[in-house]
Amino acid sequence: MSNDQPTSGQPPEDDPFLKKPQEPEPQGPHGPQGPPSGSPYDSAPPPPPPPYDSGPYGGGGPYGGVDPLAGMPPLGEPGKRILARLIDFLIISIPLYLISLPWGGAVEMRDNTSSNSNFSDVFSQTYSAHQLLWSLIGLVVYVGYDTYFTHKDGRTIGKRLLKLRIAMLNDGRVPDTGASFLRAVVLWLPALLCCPCLWWLINIVFMFTDKPYRQGLHDKAAKTVVVQTD
């Protein structure tokens, strides 16, 4: 698979996924066309807002009422994001499960029927040492997968198939290693070691309801956004 993104994470000027902001018409005392040549008011137009954000992180910034979505590609649809995540999950989980079969399989749940068990008892009854080991192995694999592909060009295999891309919110570039790793850890650590169903539900709700960027909690932690590509 070719990587058309530079290793530094900075997209080239002709990056097809990076939309440029529309430069506002210069305003002056003589109307939108600007002052006549040679006027004492003749000066460079004000700088345009950054491409993916109107402030340091989702605020109005120095440009006042600028649309926070101006200059960025359309946001990724939540349905496509969920399907892309499911594809990535299957790409990893099926081979991981098959590899674990000679050692009894990756899933080995213990029966928990006591209503008086405290949290530590529930955890010990639910996760055997075997299950915990494979959960930790799975965590390393999932985090490594997301970190690598997010830093590579902002697209995991699932997102590539669904024409989605992860980008830094403030300028649209490909996330660096630190942001990619943080995003992956916040996404997978609670899901694999603590509360998978609740954690997925919370993130899905955020994708549908968060304004204006449709960020899940992992996006908010890494300050990223998911956008559509051509």
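At what angle do helix 1 and helix 6 pack, and how far apart are their axes? The angle is about 150 degrees, and the axes of helix 1 and helix 6 (residues 196-209) lie 9 Å apart. Helix 1 is therefore roughly antiparallel to helix 6. Angles under 35 degrees count as roughly parallel, over 145 as roughly antiparallel, 65 to 115 as roughly perpendicular and the rest as oblique. Axes are lines fitted to C-alpha atoms, for helices over the stretch in contact, and angles run from 0 to 180 degrees between N-to-C directions. P78, R81 and I82 of helix 1 meet I204, M207 and F208 of helix 6. Contact means heavy atoms within 4.5 Å. Helices (H or I, at least four residues) and strands (E, at least two) are DSSP runs, numbered from the N terminus.

This is a predicted model: local features need pLDDT of at least 70, side-chain atom pairs count only at pLDDT 80 or more, and totals for chains, interfaces and linings use all residues. Residues are numbered from 1 along each chain as its sequence is written, and side-chain values use heavy atoms, with hydrogens and water left out.

**Confidence**

pLDDT is the predictor's confidence in each residue, from 0 to 100. The protein chain has a mean pLDDT of 75, and 60% of its residues reach 70 or more. Where pLDDT is low, the predicted coordinates should not be read in detail.

**Aromatic pairs and the core**

Rings of Phe, Tyr and Trp (its six-membered ring) pair if their centres lie within 6.5 Å; planes under 30 degrees apart count as stacked, over 60 as edge-to-face and the rest as tilted. The count comes to 6 aromatic pairs. One of them is stacked: F89 and W188, 6.5 Å centre to centre, with 15 degrees between the planes. F89 sits in helix 1 (residues 78-100) and W188 in helix 5 (residues 177-193), so the pair ties together parts that are 99 residues apart in sequence. Y148 and F149 form an edge-to-face pair, because their planes stand at 80 degrees, with centres 5.0 Å apart. F89, Y142, W188 and W200 make one aromatic cluster.

The largest nonpolar core has 10 residues, including Y142, F149 and W188. Helix 3 (129-153) and helix 5 each supply at least two of its residues. Helix 3 gives the largest share, 5 residues. A nonpolar core is a set of buried Ala, Val, Leu, Ile, Met, Phe, Trp, Tyr and Cys residues joined through side-chain atoms within 4.5 Å.

**Burial**

Buried means under 20% relative accessible area, exposed over 50%, partly exposed in between (1.4 Å probe, protein chains only).

| Residue | Relative accessible area | Class |
|---|---|---|
| F89 | 32% | partly exposed |
| W188 | 1% | buried |
| F149 | 13% | buried |
| T156 | 0% | buried |
| R214 | 29% | partly exposed |
| K223 | 42% | partly exposed |

T156 lies in the loop between helix 3 and helix 4. Beyond four places in sequence, its contacts are D88, Y145, D146, F149 and T150.

The peptide bond from K211 to P212 is cis, with omega near -5 degrees. P212 lies in the loop between helix 6 and helix 7 (217-222). R214 is in the loop between helix 6 and helix 7 too. R214 has a positive phi of about 55 degrees although it is not a glycine. K223, also not a glycine, has a positive phi near 60 degrees.
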